[in-house]
Amino acid sequence: MIVVLAGGVGAAKFLEGLAAVLPPEQITVIANTGDDAEFYDLHVSPDMDTVLYTLAGIVDRERGWGIAGDTFHCLRALERLGQETWFQLGDRDLATHLTRTTRLRQGATLSEATEELRQALGVACRILPMSDGRAQTRLRTTAGIVAFQEYFVKLRQEPEVLEADFSEAAASQPASGVLKAIADADGIIVAPSNPILSIGPILAVPGIREALRNTAAPIAAISPIVGGRALKGPADRILKSLGLGASAAAVAELFRDFVDIFVLDLEDASLRDEVEGKGMKAVITQTVMSTPEVRQELARKVLEGLARK
Ligand code: FO1
């Protein structure tokens with residue numbers, strides 16, 4: 001079994017490549033739920049849904065999230081009724097949140113609701129939320145303390161992030177199956193997701209970081225920073241504002257206590273010695289996943305690196 005720690009869009013693209021070169025039944029995803037939020041009393045899990053929709057082949061490819069061809073009639077109607085509508089929930093996407101919330105209200109856990117959604121959407125990879133409990137990330141920013149989606153969508157990632165608050169994640173428990181998946185894995189991959197905002201909450205859940213340090217499985221991480229810039233989203237700016245520096249080597253530093261193999265882009269080949277000086281093996285390959293071929297080649301290279309360890 002290969003276990004992948006995943007955020008949203010970058011992770012989903014990588015998983016698409018991985019599921020094309022490995023039987024998808026052999027993949028377990030541990031997904032960030034720090035981005036989860038409630039809108040109109042519905043539980044929305046953006047990162048899990050991005051992974052689900054991508055692997056189900058229904059994602060909106062241009063945006064990277066939501067469902068291709070979705071309409072927004074419900075949102076427009078809500079707007080007319082005076083509701084806040086800064087978070088774009090499409091009509092078909094709403095069906096997912098209605099189903100998830102219904103199941104949660106009936107007493108299902110988030111893991112159970114996710115498993116049902118996965119089966120209904122025909123996704124073969126196993127997807128586990130990092131935690132079944134509430135674990136929403138809050139951010140201290142130059143615009144005050146805000147919930148993750150408020151920063152990301154409403155404020156368009158414009159304020160500077162001064163501190164990420166994972167106290168809910170830190171007070172939660174790993175979802176059932178998470179620690180066992182890490183302990184029993186043949187290999188573990190940290191997807192090219194925001195190391196602070198997407199992987200950070202997963203590592204903040206009690207027991208997960210320790211399980212990663214203690215597992216016998218080799219662990220690889222793919223840098224989401226290429227040439228000092230984030231491929232998507234604010235990771236580079238956040239690394240800088242937290243004083244860590246916006247480079248792939250800074251990401252390697254964040255994971256140095258549990259990662260064995262660090263995957264750098266060709267553009268960052270000059271960082272090999274710096275990364276290897278942290279006690280990791282560097283693998284250098286194309287990481288900018290512009291085509292299905294590149295995604296699959298990246299997945300192959302990471303699996304080769306894990307097999308060689
Ligand atoms: N991202 C946006 O930039 N604007 C949106 O209105 C938006 C709506 C949305 C709805 C459902 C969903 O699953 C994701 C959505 N996202 C939206 C993406 C999401 O905010 C981020 O990609 C992640 O949380 C960061 O990983």
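**View 1. Gly 8 and the residues it touches.** In this predicted model, Gly 8 touches Asp 47, Thr 50 and Ser 193, leaving aside residues up to four places away in sequence; contact here means heavy atoms within 4.5 Å. Look for Gly 8 in the loop between strand S1 (2-6) and helix H1 (9-21). Helices (H or I, at least four residues) and strands (E, at least two) are DSSP runs, numbered from the N terminus. Is Gly 8 buried or exposed? With a relative accessible area of 11%, Gly 8 is buried (buried is under 20% relative accessible area, exposed over 50%, partly exposed in between, with a 1.4 Å probe and protein chains only). Ser 270 is 262 residues from Gly 8 along the chain, and their C-alpha atoms are separated by 28 Å.

View 2. Five aromatic pairs occur in the structure. Trp 86 and Phe 87 form an edge-to-face pair, because their ring centres are 6.1 Å apart and their planes stand at 85°. Rings of Phe, Tyr and Trp (its six-membered ring) pair if their centres lie within 6.5 Å; planes under 30 degrees apart are stacked, over 60 edge-to-face and the rest tilted. Ring pairs also bring Phe 39 into a cluster with Trp 86 and Phe 87. Trp 86 is partly exposed at 24% relative accessibility, whereas Phe 87 is buried at 11%.

**View 3. The tilted pair of Phe 255 and Phe 258.** Here the ring centres of Phe 255 and Phe 258 are 5.6 Å apart with planes at 45°, so this pair counts as tilted. Both Phe 255 and Phe 258 are buried.

**View 4. A charge over a ring.** Which ring lies under the charged end of Arg 63? That ring belongs to Trp 65, and the charged end sits 4.2 Å from its centre. The rule asks for NZ of Lys or CZ of Arg within 6 Å of the ring centre and within 35 degrees of the ring normal.

**View 5. Stepping back to the chain.** You can find 14 helices and 14 strands in the chain. Buried residues make up 54% of its 309 residues. Along its principal axes, the C-alpha trace spans about 60 × 40 × 40 Å.

**Notes.** Residues are numbered from 1 along each chain as its sequence is written, and side-chain values use heavy atoms, leaving out hydrogens and water. As the model is predicted, local features need pLDDT of at least 70 and side-chain atom pairs count only at pLDDT 80 or more, while totals for chains, interfaces and linings use all residues.
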